[in-house]
Amino acid sequence: MIYNKTYIGVHSTDKIDDGYIGSGRIFKRALRKYGSENFTREIIVFFGKRKDALKAESWIVTDEFIAKNSNYNVTLGGKGGIGLSNKGRKLTLEQRKTRAINSSRPCKESTKKKIGDAHRGRKYSDELVAQMSERFTEYYKTHPHPLKGFRHSEETRKKMGKARIGTKLSEETKRKMSLAKKGIPLIHTRKKVIDINTGRIFASCKEAGNYFGIHKATTLRWLKKGDKIRYYEGEIS
C-alpha cells in the first residue's frame with residue numbers, strides 16, 4: 001500500500017479467490033490510480049450469515065473511524081450498498097472540516113489536462129439542452145440564484161479586465177449585450193425568422209418556436225446552426 005491506508009468492507013461469496021478487494025467509491029478510485037498490485041487483501045473473520053458480518057462492520061466503521069485520514073471508507077458500516085448508510089446522516093462540524101481539507105487538494109496539471117481533453121468538443125443534443133433549460137427555469141422561479149448579489153473582488157475585476165484587452169466583439173455580440181442591458185430577452189427580439197425548407201416567415205424566434213413546438217433554447221440552437229431556420233433580413237416596424 002503506497003499510503004498505508006486501509007479499507008474495511010463486507011463481501012459475500014462461495015469462492016474465496018474471486019478477485020474481490022473492495023467496493024468503496026473512493027477505494028475504487030485509488031485502485032484505478034495505483035493498480036491492484038499495490039494493495040493487499042486480508043480477511044479479518046468469516047461469518048456464516050451476511051447480517052452477522054454487517055453487524056461486525058458497524059462496530060468498526062463508525063463516524064470516528066471515517067473521520068480519520070488513514071482509511072478509504074466514507075460511509076458507515078453495517079448496512080451495505082453504496083450510499084445507503086449515509087441516508088439521513090448528518091456530519092459533525094469536525095467531520096465536515098476534515099472532508100473539506102481532504103477534498104481541497106489541488107489537481108495535478110496532468111489530471112487537469114485529462115479532464116479538459118475529455119470534455120473538449122463535447123456537444124449536447126437539442127433535447128437535452130431544452131430539458132436542462134426547462135429544469136433550471138422552473139428551479140430558479142422558487143430558489144434564489146447562487147450568484148445573486150455576488151461581486152468579484154477588485155483584484156479579480158482587474159485580472160478580468162486585463163484578459164479582455166485587445167478582444168474585439170462581433171456586431172452580433174454587441175447587439176445581444178445591448179438587448180441584455182435593456183432587459184430584453186433574446187427570444188423575444190422583434191426580428192423575423194424564416195423556415196429554410198418552406199420559406200415561411202415568422203415575426204420572431206418565439207413565434208417560430210411555438211410553430212415547431214420546440215423550447216426556446218432549441219430555437220436558438222437551430223438559429224445558430226442555420227440548417228433549419230435563420231434570421232430573415234429586415235426588422236419589423
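## Surface and overall build

The protein chain exposes about 18,600 Å², with carbon and sulfur atoms supplying 54% of it. Accessible areas come from the Shrake-Rupley method with a 1.4 Å probe, and for residues only the protein chains shown count as cover. Keep in mind that this is a predicted model: local features need pLDDT of at least 70 and side-chain atom pairs count only at pLDDT 80 or more, while totals for chains, interfaces and linings use all residues. Residues are numbered from 1 along each chain as its sequence is written, and side-chain values use heavy atoms, leaving out hydrogens and water.

Of the 237 residues in the protein chain, 21% count as buried (buried is under 20% relative accessible area, exposed is over 50%, partly exposed is in between, with a 1.4 Å probe and protein chains only). You'll find ten helices and three strands here; these are DSSP runs numbered from the N terminus, with helices being H or I of at least four residues and strands being E of at least two. Reading from the N terminus, the order is α-α-α-α-α-α-α-α-β-β-α-α-β. Among contacts between residues at least 6 apart in sequence, 50% join residues at least 24 apart (a contact means heavy atoms within 4.5 Å).

Glutamate 57 sits in helix α2, which covers residues 50-60. Is this residue buried or exposed? With 10% relative accessibility, glutamate 57 counts as buried. Leaving aside residues up to four places away in sequence, glutamate 57 touches Ile8, Gly9, Val10, Gly77 and Gly78. Take glycine 77: glutamate 57 is 20 residues from it in sequence, and the C-alpha atoms are 5.1 Å apart in space.

## The second largest pocket

Helix α2 turns up again here: it gives the most to the lining of the second largest pocket, with five residues. That pocket has a volume of about 920 Å³ and is lined by 30 residues, with Gly9, Val10, Glu42, Ile43 and Ile44 lying nearest its centre.

As for the terms, the search uses a 1 Å grid over the protein atoms alone, and a pocket is an open set of points with protein on both sides within 12 Å along at least five of seven lines; lining residues have an atom within 4 Å of a point. Grid points are joined across faces, edges and corners, and the volume is the space filled by probe spheres set on the points.

## Salt bridges

How many salt bridges are there? The count comes to seven, taking a salt bridge as a side-chain nitrogen of Lys or Arg within 4 Å of a carboxyl oxygen of Asp or Glu. Arginine 41 pairs with aspartate 18, their closest N and O atoms being 3.9 Å apart. Arginine 41 lies in the loop between α1 (25-34) and α2, and aspartate 18 in the segment before α1, so this pair ties together parts that are 23 residues apart in sequence. Arginine 41 is partly exposed at 37% relative accessible area, and aspartate 18 is partly exposed at 33%.

Helix α7 (residues 154-164) holds arginine 157 and glutamate 154, three residues apart and so separated by about one helical turn. Their side chains meet in a salt bridge at 2.6 Å, N to O. Arginine 157 is partly exposed at 34% relative accessibility, as is glutamate 154 at 46%. Also in α7, lysine 159 and glutamate 155 are four residues apart, or about one helical turn, and form a salt bridge with the closest N and O atoms 3.7 Å apart. Both lysine 159 and glutamate 155 are exposed. Elsewhere, salt bridges that share partners join Lys113, Asp117 and Arg120 into one network.

Isoleucine 196 is in the loop between β1 (191-195) and β2 (201-202), and is partly exposed at 37% relative accessibility. Which residues does isoleucine 196 touch, not counting those up to four places away in sequence? They are Gly226, Asp227, Lys228, Ile229 and Arg230. Isoleucine 196 and arginine 230 are 34 residues apart in sequence and 7.2 Å apart in space, C-alpha to C-alpha.

Threonine 218 belongs to helix α10 (residues 216-225). At 6% relative accessibility, threonine 218 counts as buried, and beyond residues up to four places away in sequence it touches Asp126 and Ala130.

Methods: On a 1 Å grid over the protein atoms alone, a cavity is a set of points where a 1.4 Å probe fits but cannot get out, and a pocket is an open set with protein on both sides within 12 Å along at least five of seven lines; lining residues have an atom within 4 Å of a point.
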